[in-house]
Amino acid sequence: MRNHSGHDQTNHGGHGGHGSHGGHGGHGGAQPGGLSVSQNGYTLELDSTILTAGVQPVSFRVIGPDGQAVTEFVPEHDKELHFIAVRRDTAGFQHVHPVRDEKGTWSVALALDPGDWRFFADIHPAGHDGTMTLGIDVAVAGAYDPLPLPEATGIARIGEYAVALEGELLPGEASELTLTVSRNDRPVTDLQSYLAAYGHLVALRVGDLGYLHVHPEGEPGDGTTAPGPRIAFMAVAPSAGTYRLFLDFQHEDVVRTAEFTVRTTATTPRPAAGSQDAPDHSGHHHGDHAHH
């Protein structure tokens with residue numbers, strides 16, 4: 001998803017003829033999104049932050065700098081607003097697309113288990129110079145049974161499908177993550193375009209659910225991006241730590257979500273024998289893929 005101010009197109013790294021990593025300089029990987037309910041004068045306002053368990057209607061507005069509900073947005077990946085719901089233990093992930101009325105109220109149904117949740121609204125208000133992600137806490141009543149964090153295996157299985165994750169997640173630096181989709185051990189080469197891409201990746205930092213910077217490489221119909229089995233993304237981890245990755249992909253008219261637990265690869269500089277001018281970020285070339 002292109003969901004971060006100052007990050008538009010695909011010049012996010014020296015892959016496939018793209019430009020330099022300079023486009024990431026605005027945040028240096030240090031400013032995850034979604035940690036604030038208000039940003040740049042825009043505020044996420046829910047009808048209620050206390051909900052009951054089960055499939056529940058949720059209504060909200062984005063209040064603009066003028067104190068009024070925003071009714072004009074710039075579409076990103078075919079939608080005016082992308083809405084993410086996830087419990088704070090990273091269970092129950094949902095990426096949905098609410099419907100807006102003419103007064104600026106959005107509505108959507110969510111399947112909610114008891115516990116503490118975080119809701120994210122990914123938006124580009126008309127007249128604002130970029131996209132932003134607002135986040136808000138929600139309490140769902142009932143007996144809460146938090147789940148342990150899934151192991152970092154590098155393989156996600158959804159029924160007959162398996163998705164393999166390759167690449168290192170680096171703190172403060174852009175890196176490429178490649179996800180390869182197979183079905184019954186055969187590569188899937190006919191992924192369907194879903195929201196103007198073959199896959200959408202949401203990444204959240206475990207502990208505070210900070211939203212990562214994730215960008216799709218290529219798009220359907222550009223003449224170079226194949227419909228599977230590989231889907232490539234550029235990502236910047238804002239810090240060292242553990243992250244949860246959620247890939248949405250569509251095949252045979254069904255959208256499925258593959259989930260991963262990933263730990264960043266250390267970028268601590270190591271002394272270079274006989275050299276005093278080794279770059280500070282040389283440590284990320286070790287090849288120690290902690291999540292494989």
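Mentor: A residue counts as buried under 20% relative accessible area, as exposed over 50% and as partly exposed in between, with a 1.4 Å probe and protein chains only. F60 is buried, with a relative accessible area of 0%. This is a predicted model, in which local features need pLDDT of at least 70 and side-chain atom pairs count only at pLDDT 80 or more, while totals for chains, interfaces and linings use all residues. Residues are numbered from 1 along each chain as its sequence is written, and side-chain values use heavy atoms, leaving out hydrogens and water.

F60 lies in strand β4 and F83 in strand β5 (residues 81-87), 23 residues apart; strands are DSSP runs of E with at least two residues, numbered from the N terminus. Rings of Phe, Tyr and Trp (its six-membered ring) pair if their centres lie within 6.5 Å; planes under 30 degrees apart count as stacked, over 60 as edge-to-face and the rest as tilted. The whole structure holds 7 aromatic pairs. In one of them, the ring centres of F60 and F83 are 4.7 Å apart with planes at 20 degrees, so the pair is stacked. F83 is also buried, at 0% relative accessibility.

The rings of F60 and W106 have centres 6.4 Å apart and planes at 10 degrees, so this pair is stacked. W106 is buried at 3% relative accessible area. F60, F73, F83, W106 and F119 form one aromatic cluster.

Methods: Helix = DSSP H or I, 4+ residues; strand = E, 2+ residues; numbered from the N terminus.
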